[in-house]
Amino acid sequence: MAAAHRKRLQSRQVGSLLLFLCVSLGSAATIRYSVAEEMESGSFVANVAKDLGLEVGTLAARGARLVSEGNKMHFRLHRKTGDLFVKEKLDRESLCGKADPCVLHFEIVLVEPLQSFRAEVRVFDINDNAPVFPNKEPLLKIPESTPVGSRFPLQSAQDLDVGLNGLQNYTLSANAYFHLHTRFRSQGPKYAELVLDRPLDREQQPEVNLTVTAVDGGSPPKSGTAHVRVVVLDVNDHVPQFSRLVYRAQVPEDRANGSLVATVTATDLDEGSNKEITYSLAQNPEAVLQTFQIDSDTGEVRLRGPLDFEAIETYDIDIQATDGGGLSAHSKVLVEVVDVNDNPPEVMVSSVSSPLPEDAPLQTVVALFSIRDRDIRVGGRITCFLREDVPFAVRATFRNSYSLVTERGLDREDVSGYNITLVAVDTGPPTLSTETVIEVLISDINDNPPVFQEDSYILTVRENNSPAVFIGKVHAEDLDLGENAQVTYSLLPPKSGDLSVFAYISINSDNGKLYALRTMDYEAIQDFQFVIKATDGGFPSLSSQVTVRVVVLDDNDNRPMILYPLQNGTLPCNDLVPRSAETGYLVTKVVAVDGDSGQNSWLSYHLLKATDSGLFSVRQQNGEIHTLRQISERDPMMQKLIVLVQDHGQPALSTTASLNILLVDGFSEPYLQFPDPSKHPTRVNPSTRYLVISLAVLSFLFLLSVTTIFIIHIYQKIKHREKITIQEHFYDDCNFPNHLVQGRANGSLSQPCPYEMCSATGTGTSEFRFLKRFMPNFPFPLGTGEVKTEAGSGLPPDSDRSRSQGSEGHARISDDYM
């Protein structure tokens, strides 16, 4: 029944502790909870979301997680509900030892955005450990002459619980010689002393057996017992005496093992073996026995194990001096551990936001971390900074907690990632530091437009090309990554709205290759330009433009075209050459043009065929036709020339021009046109027609002016030469039938055809000669060699000679004034 009652009491105690959830926000914004030890895994602790003022589901949406300061997490968080549970059974003694209070620290880290909250859970002790004596059967040797009131300390019992649940009191079994007195240490558990109440008598009772019970303050209380065997020794009059009751020493925590801590001395007034003193560490806690040792002969107390100020600050060492007769005395050595700066700062990174967009605004939180230094009294002030020159800075959030934030703009194209070295330095001495590397990758955004390799492109394509022929390529680079760097090419329509460029050019949107869609004609278009747009795949997309100029290269695909003389038979007359012309006389000039350009348009003229190849020559460079010799009477009156006009292309193209040249005596014979029945009208290029019309109009105006001047001069000559009578007959048309052109024996025409010749200055360098007619033709009968005069003409019988003289005079006048 008692056991059941104690179990019910223990259950009520645990339940009351579970209900006692102490949640508060301190000056450092720390959330505090309390739980009892030995709680089963999955036990509810508190609702974190409610205590943080967050809505249900916020923890899950923001990716909440727990970060422990140690290596192990003792709690787990349900993100959807915000409930905090015990992850595994908690044992306060294994977590904190004798430290009280026992507090477990951790952080609640939220992301998107990055935020952390400090939390701590205090683990309350329950009475789950009974006091235990290290030596359950200690032996005491007490001389029978020991005075009443002497005290004999016993080894203290060890209870792992703390507070009320720890060791509270000792009890002693009933006996006639001793009672028990409980003592306190400055550090460590309580211990008991046997106090002698009456003198011992070895002859009456050589041995006394006692039972010591250690009781804690739990409910129900737990206890442990030790059986003390007291052996009564024979008389030894003097006990050892220490020089001091308490020895004090200060030892730095970095002192090496074997270092001297203190030296105790004790003396005994007895003689012989009773004077020999032996020192020992009797009745001391296990922590003291593991840390210190004493030389049994000299009393030197030395270090046996390492000191750690952060674990134990002071040691209370009980020294026992025993003489040869078994008498002993006790003294204390109080050792104060001096703190030294032997712990470098510890950096604990709780969260890192990586990768980080390169357009992250300034003061964006990149990482959260905390720093602690186990040295409390020295080196406690910590300085944190970044080693490299990076666009980040450290900002303190609250005590020993920091955040890493952006301080300058980021550019992934310059630096794609950072290894940030955090340096934490304490104040020493000596100064200790810790370096921690945080890796932060920079993610790409679309902040770079495509850039063409050239400011503008000039491409060439030869005319008469095949459709869909490759003519060139444009290329643009984008410094971004992934889709942001994928460039697409397109043609932009001209601002004028003319979409004809799309009929000429096509572009591959993936690689920027350009193709000519149709056959180019240099004579129709020599060059054209258009704009290409390069667009990346980012969102929003960025683009750039470049101008491309396509130059069409000429091919020799046009034959020379004859401008003069026209080959379609439209001119009424052919060229006339007086038989009196000197060698080198300019007869006429063949004028031709070539639609091509460059070398393909350079023309050369060659005499291909002639009635008399030795009479005329054609200058190769300009097409001028000159006489090679003087004209003789034997030369036929009508000379037909075929001139070859050839360009300099590869291969060369050519055309021919046919000319009819009439050899006349002093221009006294009519200009006859000899139609060539083999010639058929050919189509004339409209541009050629306009060019010929323009030349004709200009020539007409020029000839009109020259004719006017010529008539004025003729009129003045007639006035001064009254003996010379010149009768001029003008005809509107000289297209006589071939059978009417009958020459006499002297080579003159059978019928006279008076005309007015309008020519150049008569120096033989004129380029063109034109015959102008003013009067209609008179019908001529078929001649038999006789001259028949027109009725009413009033010509004398020697009119032939007069007419011939008049023609010669007229020729001379023309030579003088033209």
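Predicted model: local features only at pLDDT ≥ 70, side-chain atom pairs only at ≥ 80, totals over all residues.
User: Which element gives the largest share of the largest nonpolar core?

Analyst: That core has 27 residues, and Phe106 is among those with the most contacts inside it, along with Tyr33, Val45, Leu66, Phe75, Leu84 and Ile108. Elements giving two or more residues to the core include strand S1 (30–36), helix H2 (48–52) and strand S6 (102–110). The largest share is five residues, and the element that gives them is S6.

User: Over to the strands: in what order do the three strands of the open antiparallel sheet lie?

Analyst: Start from the edges, where strand S43 (586–589) and strand S46 (616–618) each pair on one side only. Neighbouring strands here are turned by 20° against each other on average, direction ignored. The order of the sheet is S43-S47-S46.

User: And which residue in S47 is the bridge partner of Val618?

Analyst: S46 and strand S47 (residues 624–627) pair in the antiparallel sense over three bridges. In S47, the partner of Val618 is Ile625.

User: Is Arg579, which meets Asp665 in a salt bridge, buried or exposed?

Analyst: The side chains of Asp665 and Arg579 meet at 3.6 Å, N to O. Asp665 lies in the loop between strand S49 (654–664) and helix H7 (686–720), and Arg579 in the loop between strand S42 (575–578) and S43, so the pair ties together parts that are 86 residues apart in sequence. Asp665 is partly exposed at 26% relative accessible area. Arg579 has a relative accessibility of 11%, which is under the 20% cut-off, so Arg579 counts as buried.

User: How many residues apart are Lys89 and Glu40?

Analyst: Their side chains form a salt bridge at 3.4 Å, N to O. Lys89 is partly exposed with a relative accessible area of 46%, and Glu40 is also partly exposed, at 47%. Lys89 sits in the loop between S5 and helix H4 (92–96) and Glu40 in the loop between S1 and S2, so this pair links distant parts of the chain; the separation is 49 residues.

User: Last one: how many salt bridges does a search of the whole structure find?

Analyst: One of them joins Asp612 and Arg629 at 2.7 Å, N to O. The search of the whole structure gives a total of 22.

Notes:
Residues numbered from 1 in each chain as written. Heavy atoms only, no water. Pairing = 2+ DSSP bridges. Helix = DSSP H or I, 4+ residues; strand = E, 2+ residues; numbered from the N terminus. Axes fitted to C-alpha atoms, helices over the stretch in contact; angles between N-to-C directions. Core = buried A, V, L, I, M, F, W, Y, C linked by side-chain atoms within 4.5 Å. Buried < 20%, exposed > 50% of the residue type's maximum accessible area, 1.4 Å probe, protein only. Salt bridge = Lys/Arg side-chain N within 4 Å of Asp/Glu carboxyl O.
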